[in-house]
Amino acid sequence: MCIRDRCHAKAKQCQLDRAKAEKLEPYEGLTKEETVHYAMLFYTMDINRSNAVDRDEAKKYLVQTSAKLLGNPPPEDVYHQRLEKEVNEMFASMDQNHDQEISLEEFLACHAAAKAIKADKEATQE
């Protein structure tokens with residue numbers, strides 16, 4: 001498959017993901033826009049389209065994101081340790097049923113909880 005075809009396929013999948021995300025009702029504690037935003041992020045991470053993000057998919061997503069933000073990654077051993085730590089923390093906070101996969105429901109619940117914590121923190125600082 002040539003680069004143009006891959007870009008076209010990726011753009012088409014993004015359109016399908018957006019349509020799917022926009023059909024979602026706002027998740028409790030999130031606005032419609034936030035729900036769509038986080039659903040799109042989840043769908044980006046769910047490489048194999050299983051409706052769940054496993055550890056390998058999370059690692060791949062973090063590697064891609066790091067490469068975009070940092071350019072060249074740090075030395076492999078340091079980078080690998082940091083990546084493992086990030087994935088472990090992600091699963092500790094999001095994988096509520098401990099099945100080694102993060103569902104869309106778990107993903108949205110974590111972001112809603114983080115938003116509530118931030119709002120509480122801001123309210124106590126006023």
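## Reading the fold and a buried glutamate

Student: Which pattern does the chain follow along the sequence?

Tutor: Read in order, the elements run α-α-β-α-α-β-α. That comes to 5 helices and 2 strands. Keep in mind that this is a predicted model.

Student: How many residues does the chain have, and what share count as buried?

Tutor: The chain has 126 residues, and 27% of them count as buried. Its accessible surface comes to about 8900 Å². Carbon and sulfur atoms hold 55% of that surface.

Student: What share of contacts joins residues at least 24 apart?

Tutor: Take the contacts between residues at least 6 apart in sequence; 47% of them join residues at least 24 apart.

Student: Which residues of H2 are buried?

Tutor: Thr35, Val36, Ala39, Met40, Phe42, Tyr43 and Met45.

Student: And Glu57: where does it sit, and is it buried or exposed?

Tutor: Glu57 lies in helix H3, residues 55–70. Glu57 is buried. A salt bridge needs a side-chain nitrogen of Lys or Arg within 4 Å of a carboxyl oxygen. Glu57 has none; Lys60, the nearest side chain of opposite charge, is 7.4 Å away.

Student: What is Glu57 in contact with, beyond its neighbours within four places in sequence?

Tutor: Met45, Asp46, Ile47, Asn48 and Ala52. One of these, Met45, is also among the buried residues of H2.

How values were computed:
Residues are numbered from 1 along each chain as its sequence is written. This is a predicted model: local features need pLDDT of at least 70, side-chain atom pairs count only at pLDDT 80 or more; totals for chains, interfaces and linings use all residues. Side-chain values use heavy atoms; hydrogens and water are left out. Helices (H or I, at least four residues) and strands (E, at least two) are DSSP runs, numbered from the N terminus. Buried means under 20% relative accessible area, exposed over 50%, partly exposed in between (1.4 Å probe, protein chains only). Lys and Arg count as positive and Asp and Glu as negative; His and the chain ends are not counted. Contact means heavy atoms within 4.5 Å. Accessible areas come from the Shrake-Rupley method with a 1.4 Å probe; for residues, only the protein chains shown count as cover.
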